[in-house]
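Take a look at the model below.

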Amino acid sequence: MNKDQLVIGVDYGSDSVRSVIVNASNGKEIASSVYEYSRWRDGLFCEPGINQFRQHPQDYIDGLEATIKDCIAQAGGPNIVASIKGISVDTTGSTPVAVDTYGTPLALTPGFENNPNAMFVLWKDHTAIKEAAEINAHAALFDTNYLQYVGGIYSSEWFWAKLLHVLRVDETVRNAAASWVEHCDWIPFLLTGGTDAKVIKRGRCSAGHKALWAEEFGGLPPDDFFSSLDPLLKGFTDKLYKDTYTADQAAGTLSDEWAQRLGLSTGVMVGTGAFDAHMGAVGGQIEPYYLSKVMGTSTCDILVAPTVNMQGKLVRGICGQVNGSVIPGMVGLEAGQSAFGDTYAWFKNIISWPINNLLSKSKVIDEATVKALKAELSDLIIPELSAQADLIPIDEPNELAVDWLNGRRTPDANQELKGAITGLSLGSDAPRVFRALAEATCFGAKSIVDRFITEGIPVKGIIGIGGVAKKSPFVMQMMADVLGMPIRIHQFKHTCALGAAMFAAVVAGVYPTVEEAMTAMGGGFDEEYYPNASRTAIYSKRYEQYKDLGAFVASQTARITEAELLNS
């Protein structure tokens, strides 16, 4: 192999996009660049009060160009261009958008520039809770269980629920939409110069886990399944796809336009896209029956199993099991928590309210000092809370929380559920409440592991990747103690982007298989957390309390929902 061959991995997260240039011979990072979505940062097109979270496609385009060009400049500019052989992309998901006949997101066309319904509907947008509930009830009417490969429950975070919601609430988008496309499918289409929505290559990962595509169905469920749910969906499967592609397959080569924009060759191969956690699992060197946890704003948990071992097995309440969604030849199983880092960020925002809202009114310090003080305290809050929370003795009567601040993804998706904190007293200070929230996220992780095990899928250990895994020893040690199993932390800082780079190396022909790319380009693990048996015993009792509290919250939510239905 030519040791000078380089590949680019692009990782679209919730707040920003990161690109890396990686040496394909050893996985060494040559350059890295990150771009924050400016419109998202300013809170445009989002209404958290109704769980509406939308992102403008122009942010994605600007970030793609800025980060890749910056990486090329860092790596040596024109001198390294000829060595770049491939680009692959991962994104959050399900994050779909309505496009016109040319495959252009409607928000990039006249008249739709500021319409949130014409933008990408971010994974954590829960405006389609009603539609998801209807899909679940409707599926029970059919002899074929079209939800069997997505854990038996359809989520408001996913493809069809979001499509139906947008079609219902926005006639202008409904009339203009020629198709509905996942973010991870649109970026490769963009890079390869696509101009026809009908020929967008759809990734196996997004199609299988979020859009009900299955080999066993011969593609998507039939039109009758959707048109009998709502006539607005009649004929929509004809606007979508039948075939899907695993991420080791090419979407095409870099178009003339994008080659010029980026300063690259049109010979650069562009891979079929997939979701961030699925490519991140590859970047983190996933092994069969090890659970890869991508821990950021939420978690996405990935496990792979040999296809032969999954014959006849259906795992209830997860986010899907799809042949080839992670590694071709293996079944990828997905689970996750709807809020993880977001839980800590929420509490940080709560206790930062005086800092953010009152300091600017101070007559004691000037504006520049206010700005500097806000930035300094913002950086200190979570590390200091973690340090103080770690000093608190673990005891059964401690404050207890449930981590459903953004609903529950798995096990058993229910986005109507809410978070809760109990056991509060006048002695409940910020570190104690923070500790309860951290425990809750770890208990949520345990509920996922327990579901896999009770469904006959062994979990040999945990592979931790993502921002929380790298930055918070406090949370990682707690998780090891709660789970009673070790957690290995992958050494690469930007693991999802590395996974995308590994797929780019396969697409470019540097390696024949994903497994060989993982072996050559994976740098192993730089830290491992081992469970403390005495703490595990206490957490086991507190976990039972967590489940009891969760059952109570769920029962109350069901009562409220039933009352709303009766009054509607």
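Predicted model: local features only at pLDDT ≥ 70, side-chain atom pairs only at ≥ 80, totals over all residues.

A cavity is found on a 1 Å grid over the protein atoms alone: it is a set of points where a 1.4 Å probe fits but cannot get out, and its lining residues have an atom within 4 Å of a point. Grid points are joined across faces, edges and corners, and a volume is the space filled by probe spheres set on the points. The count here is two cavities of 30 Å³ or more.

Residues are numbered from 1 along each chain as its sequence is written, and side-chain values use heavy atoms, with hydrogens and water left out.

**The sheet**

Helices (H or I, at least four residues) and strands (E, at least two) are DSSP runs, numbered from the N terminus. Two strands pair if DSSP finds at least two bridges between them. Seven strands form an open sheet with mixed pairing, in the order β14-β15-β13-β12-β18-β19-β20. Each of the edge strands, β14 (321-323) and β20 (525-529), has a single partner strand, so one side of each is left without a neighbour in the sheet. Inside the sheet, β12 (residues 290-295) and β13 (residues 299-306) pair in the antiparallel sense over four bridges. Val294 has Cys300 in β13 as its bridge partner.

**A covered helix**

Buried means under 20% relative accessible area, exposed over 50%, and partly exposed in between (1.4 Å probe, protein chains only). In α17 (residues 473-483), nine of the eleven residues are buried. Among them are Phe474, Met478 and Leu483. Just after α17, Gly484 takes a positive phi of about 70°.

**The cysteines**

A disulfide is a covalent bond between the sulfur atoms of two cysteines. Here it is counted when a pair of cysteine sulfur atoms lies within 2.5 Å. How many disulfides does a search of the whole structure find? It finds zero. Two cysteines show the distances.

| Cysteine | Nearest cysteine sulfur | Relative accessibility |
|---|---|---|
| Cys184 | Cys205, 6.3 Å | 0% |
| Cys496 | Cys300, 9.0 Å | 10% |

Cys184 is in no disulfide. For Cys496, the closest cysteine sulfur is too far for a bond. Cys184 counts as buried, and Cys496 counts as buried too.

Definitions and conventions. 1 Å grid on protein atoms, 1.4 Å probe; cavity = no way out; pocket = protein on both sides within 12 Å on 5 of 7 lines; lining within 4 Å.
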